[in-house]
Amino acid sequence: MATGVLLCPLIASGWSGVQHVQITRAAARNLPNEMAGFRSFARPMAFPSIFPDLWRLSDSTEGPRHYFEPDRFAPDFDLMQLNSNRLVAFDTQILESPDVIGIAPWTIMELMEDMTESMRTNDWMWAARCGAAMSHYLGDLHMPLHCTRNYNGQETGQHGVHSRFESDMAKAFVQFDDIVPTPAVYIEAPFRALLGWAADSMAVAPEVLRADVMATRVDNGRTDTEPYYLKLWELTSDIVYERLGSAAGHLSSIWYTAWVNAGRPPIPDAFEELPAYSVFSGVGIDPPEIDGQHRRQQKQKFDVIIWGVMGALALVVIGSSLYRGAQARRPPAP
Ligand SMILES: [Zn+2]
């Protein structure tokens, strides 16, 4: 299907774009009343929360920000002792390179500190850009297969499970109104909280992989059919909604904590839109000042996003009718 081809760069690298948008919107809605002024920032921030997956196309250092694999540590390693300074942690505590183990918790921590400082100094554009990027990485940290070394089933002969679960299935079945964020609270120790959330994701990763094995048995080993996806959804929908609800709740908690730490500054009206450039490297998805071949390549990437999101929205509609069909076929409860 053409849409699937267009979506390839997106589906290989995180929740589908639609889920990142949903997390941002749900988090903004979930903010405490005293920070209600920030809720309208959901509009300009929602779409840019997809962008980090596109920055990966032009920035070779972007990838490790999207995952963290605690099951690469020895079983007796105390995750909570990790240093919140990334350089110190990788110099003194972690044997693997950042590329191998991932740096999502440190990335979110750095963005939170940046967001706090920009709110304090009244730079709301930068605060919003950090908040949107943070939404992406926090969403990824709540995706179980972003927190395990067996992230694509490559160690258990389940190649492709990553995008089947997080993208193809989630895009087709997740309903925004069924995402229930956990309450937004002030977080005393954000880095430890981030490590705990990663550990929660890691803990359910084996269940996701088991569900894939069971769903594969439903249709003679096929993983590209309706029976496979219906079974996978039946077995993992509770996990998906718990993880998405936690991601949205924790995101609103981090935004709220940044704002409180900044001294609860007055919140201005939201912007119309945010620039697409990376908050880390400045790479864009469609930088207008670059001409020639590079400009054309960037334009193609931008088209991928637009068509990707449009295709994803179409799949959501198809998926929800598929889901309703499955519900209708289900025998009534005794
Ligand atoms: Zn990602």
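Q: Where is Arg 264 found, in terms of the helices around it?
A: The model is predicted, so local features need pLDDT of at least 70 and side-chain atom pairs count only at pLDDT 80 or more, while totals for chains, interfaces and linings use all residues. Residues are numbered from 1 along each chain as its sequence is written, and side-chain values use heavy atoms, with hydrogens and water left out. Helices (H or I, at least four residues) and strands (E, at least two) are DSSP runs numbered from the N terminus. On that numbering, Arg 264 is found in the loop between H11 and H12.

Q: What is the phi of Arg 264?
A: Most residues other than glycine have a negative phi. Arg 264 is partly exposed, with a relative accessible area of 43%; buried means under 20%, exposed over 50% and partly exposed in between, with a 1.4 Å probe and protein chains only. The phi of Arg 264 has a positive value, near 50 degrees.

Q: How many helices does the chain have?
A: The elements run α-α-α-α-α-α-α-α-α-α-α-α from the N terminus on. There are zero strands. The secondary structure therefore comes down to helices, by the DSSP runs used here, and their number is 12.

Q: What percentage of the residues in the chain is buried?
A: The accessible surface is about 14800 Å², with 55% of it belonging to carbon and sulfur atoms; areas come from the Shrake-Rupley method with a 1.4 Å probe, and for residues only the protein chains shown count as cover. The chain has 334 residues. Of these, the buried share is 54%.

Q: Which residue forms a salt bridge with Glu 272?
A: A salt bridge is a side-chain nitrogen of Lys or Arg within 4 Å of a carboxyl oxygen of Asp or Glu, and the whole structure has 13. Glu 272 is in the loop between H11 and helix H12 (292–329), and its partner, 229 residues apart, is in helix H3 (residues 42–46). The N to O distance is 4.0 Å, and the partner is Arg 43.

Q: What is the N to O distance between Lys 231 and Glu 234?
A: Both residues lie in helix H11, three residues apart, about one turn of the helix. Lys 231 is partly exposed at 23% relative accessibility, as is Glu 234 at 48%. Their side chains meet in a salt bridge with an N to O distance of 3.4 Å.

Q: Is Arg 243 buried or exposed?
A: The side chain of Arg 243 meets that of Glu 242 in a salt bridge of 2.8 Å, N to O. Glu 242 is partly exposed, at 39% relative accessibility. With a relative accessibility of 3%, Arg 243 counts as buried.

Q: Which side chain makes a polar contact of 3.2 Å with that of Glu 166?
A: Glu 166 is in helix H9 (residues 161–173). Glu 166 is buried and has no salt bridge, and the nearest side chain of opposite charge, Arg 56, is 7.8 Å away; Lys and Arg count as positive, Asp and Glu as negative, and His and the chain ends are not counted. A polar contact is a pair of N or O atoms within 3.5 Å; within protein, one must be able to donate a hydrogen and the other to accept it, and residues adjacent in sequence count only if both atoms are side-chain atoms. The partner at 3.2 Å is His 146.
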